Amino acid sequence: MPTITPALIPTKTPGTLFSSLTGGDDTLNIRWLTPTDPCFYEVLNRPIADMAVRQLVIAKTVDTLNIRLGHQALYPFIVQPTVDIDTTTIIDFPIGLIWDMSVSLPEKWEHVRLSKLIRVSGSDSSTSDTYAGVIRLVFSGNIKNQNINTGEQILFYADYQIDSPLTFQMMRITPATNAAAVFPSTTLGEEVVGQTESTSFAGFIVFKTLDLTLQQATDFITAIAPPALENTSGEYLNPTQYQISNFEGGGTNITDDYSISSVVHGTGILTDGTLNPIPPLSSDIASWLQAFNYPFDSNATLAGDTRDVNGTYYNIPKGLFREFNITAPANDGGTTTAAFPVFVSRIVMSDSGTRPITMYFSTRFIGNSSVYTEFATLTLDSGAQPNDLVTMNPVGTSAGDDRQMGLGYAILSDLWDGTTDVISDWFAAIGANTSTDHQVNYGLARARLSSFGVSRISQYSPTVNQSLALTGTASNLSSPQVPSNSNKYVTELDAGLGNRIDLEAISSNTIEAAIDRFGFTGGLANRIVKLVVDSTKVPNDPTFYDNKIYPRLQTLFGRDPVFGDGWFNGTRFLWFNGDTWQG
C-alpha cells in the first residue's frame, strides 16, 4: 500500500497556512475530476490523496506550534497538579485557574511550588448550586542547595474568590506570616518564612474565575469543602487544609517526570517563567555604586566646567570607589542641613612620575559660612588596583590641633581592574587638558558628596588634647572628676575680676553703708572675689560678719569658701585657711 513520505510534507511559515491552502500554493491544490479525465483508479484517488496531503500539512503545522507552545498547556505548573482530598481521593487542580503569575523573590529560593489549598471561608450548597467563600493558595519553597524534602518554608499566598463576579481576579501576593493564618502543618514540618525575609517577596497572580455552571468546576469546589462542624460569617477558626499531592519523579517507566527523586508537593512545582529571581546587591556591588552614584549625590552630574578636545566634559567616572569616607564639620553652626556641604572643587594632574590625579575637596570655612575653602585632597594613580586603600590628606591647618577635619580614606572599586578603558580614558582626557596643571573645576552643584561618603563631626567639638585637658589634675584623684556643670574647665579668659553682682538686688541682703553694693565673682582660673568693706563704717556688732559679710561671700563664690579661696576687700588680700580669713 503506498505511503506518503513525511519529508515530502512542507512546513509552512507561520501566518501563511491559510493563504497556501486557498490557492496561494499550486502544489497543494486539490485536483478535481473533470468530464474529460480518463476514469482510471489513480484519477479516482487523486482528490482523496490531495486532501490527505493538505491534512498532513495542517497536522505538521499544529505539531510545530505545540512544540513551541506546549509548555503553556499546564502553565504555571510543570506537570498536572493533583490535590489530596483524603487518603483515598485525589482530584485534579483546575488548569487555567491560575491564568497568569509573576512573582519576584530573592534568588536564594528554589523549587517554589503550590503546596496546599486552604478553605478559608464560605459555604457550599450542592442542592441549590450556590458556592461562596475564599480558597487560599499557599506557596512554599526551599533554600537552594538544601535537601528538597527538608526545610521547606511557606513563602507567600493569594486568595481566590469562588463567587467573584469578575472573569479575571488580579490579586497581589501576600508574604506569609504566622499572623496571616497560613496555618503551617507541624506534622509536615512546615515553617513560615521569617518576617524580615518576607518583605522581599512581591508579585501578582491572575485567577480566571471558574464557571460554576460546568460540572468539572463544581466538582472541584465541592471537593475543597469547608470544615463540617464550623459555621461563621467570616474566616474559619480551623479551616480545612488540602495538600498538593507528592509526585514520584524519575524512572524509566515514568514519562511525565521532571526530577530524579521524590519531591514534597511535587505536582505543584512552578515553571521558571512564573518567578523572577533577584540577586543580592552584594553579588554585584558595581550596580549599586552606579545606581546610587556613590559617593556623590544622585543628581550630581560629575561634569567639569570645560570640555576636552572632543567637545565632551571632563566627567568624573561613576563608581570609582567601593568605600569612601571623609571627615567634615556637622551643620551645628548653620541654618540648613547644607551648612557644610562637601564637594570636589577641582582636579589637577602632576606632570611628574606616574602623573597622578589629585582631587581637592571643599566645604564652608569654619567661622565664616559664606566662604568655601579646600580642606582635603585625594591622590589617585592610574596604576592602582581594585581594593587599594587610598588615604585623604588635610589641606593646610584643616587637621591642626588634632581637629581631624579632612582625614579619611577611599577603597577603589573593580572599575580599576583594567578590563575596561574607563580609568585610562579618564587619565588621558585630564592629561590632554591644556590649562595650568591640567586643572578642571567642578563645584557644589556638579560634584557634591552625599551622606554616604561623609562622616560628620561637631563644628565645635574639642580636640584630642583638649579632651584630655578637661579633667586636669582631677583625673589623678582617688575618685576622678570628669568635666561637668559642677567641674568646668577654664580658658585664658577665666581670670580677673569676673562678673559684677548687685548684692543689694538679692532679697536676703539689706543695704549696708559699710559694704559696697556691687561685688565681683572672680574668674575660674583665679578664684579671688572682690567685696569692699569700709572698716570705718562697720558697726560694733559681733555678728556683722556672719550675718552681713559671709552671705555675700557665698553669693560671689557660688558656694561656701574653701581652702585657698581669696578675698580682696578693697584694702587687703585675705586667704581662707579652711576656718577663717587671714591676710
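Reply: Two strands are said to pair if DSSP finds at least two bridges between them. Strands and helices themselves are DSSP runs (E, at least two residues, for strands; H or I, at least four, for helices), numbered from the N terminus. The model is predicted, so local features need pLDDT of at least 70 and side-chain atom pairs count only at pLDDT 80 or more, while totals for chains, interfaces and linings use all residues. Residues are numbered from 1 along each chain as its sequence is written, and side-chain values use heavy atoms, with hydrogens and water left out.

Buried means under 20% relative accessible area, exposed means over 50%, and partly exposed lies in between (1.4 Å probe, protein chains only).

β8 has an antiparallel pairing with strand β7 (residues 134-143), over eight bridges. Within it, L137 faces A158 of β8. A parallel pairing, over two bridges, links β8 to strand β11 (residues 191-192); there Q153 is opposite E191. Strand β10 (residues 174-175) pairs with β8 in the antiparallel sense, again over two bridges, and T174 of β10 is the bridge partner of Y157.

Now the wider setting. The protein chain holds nine helices and 28 strands. Of its 583 residues, 37% are buried. A contact means heavy atoms within 4.5 Å; among contacts with a separation of 6 or more, 60% involve residues 24 or more positions apart. The accessible surface is about 32900 Å², with 54% of it on carbon and sulfur atoms; such areas come from the Shrake-Rupley method with a 1.4 Å probe, and for residues only the protein chains shown count as cover.

A nonpolar core is a set of buried Ala, Val, Leu, Ile, Met, Phe, Trp, Tyr and Cys residues joined through side-chain atoms within 4.5 Å. The largest one has 40 residues, and F324, I326, M359, F361, L378 and L380 have the most contacts inside it. At least two residues of this core come from each of β15 (321-329), β16 (343-349), β17 (357-365), β18 (368-380), β19 (389-394), β20 (408-412) and α6 (422-431). Another core, of 39 residues, lies apart from it and includes V83, F93, F139 and L210.

Beyond its neighbours within four places in sequence, F324 is in contact with Y294, P295, F361, L378, M392, Y409, A410, L449, F452 and G453. Two of these partners, Y294 and P295, are joined by a cis peptide bond with omega near 0°. P295 sits in the loop between α5 (285-292) and β15, and N293 is also found in the loop between α5 and β15. N293 has a positive phi, near 55°, although it is not glycine; its relative accessibility is 1%, so it counts as buried.

R355, in the loop between β16 and β17, likewise has phi near 55°, a positive value in a residue other than glycine. R355 counts as partly exposed because its relative accessibility is 32%. Elsewhere, a cis peptide bond with omega of about 5° joins Y75 and P76, and P76 lies in the loop between α2 (41-69) and β1 (82-84).
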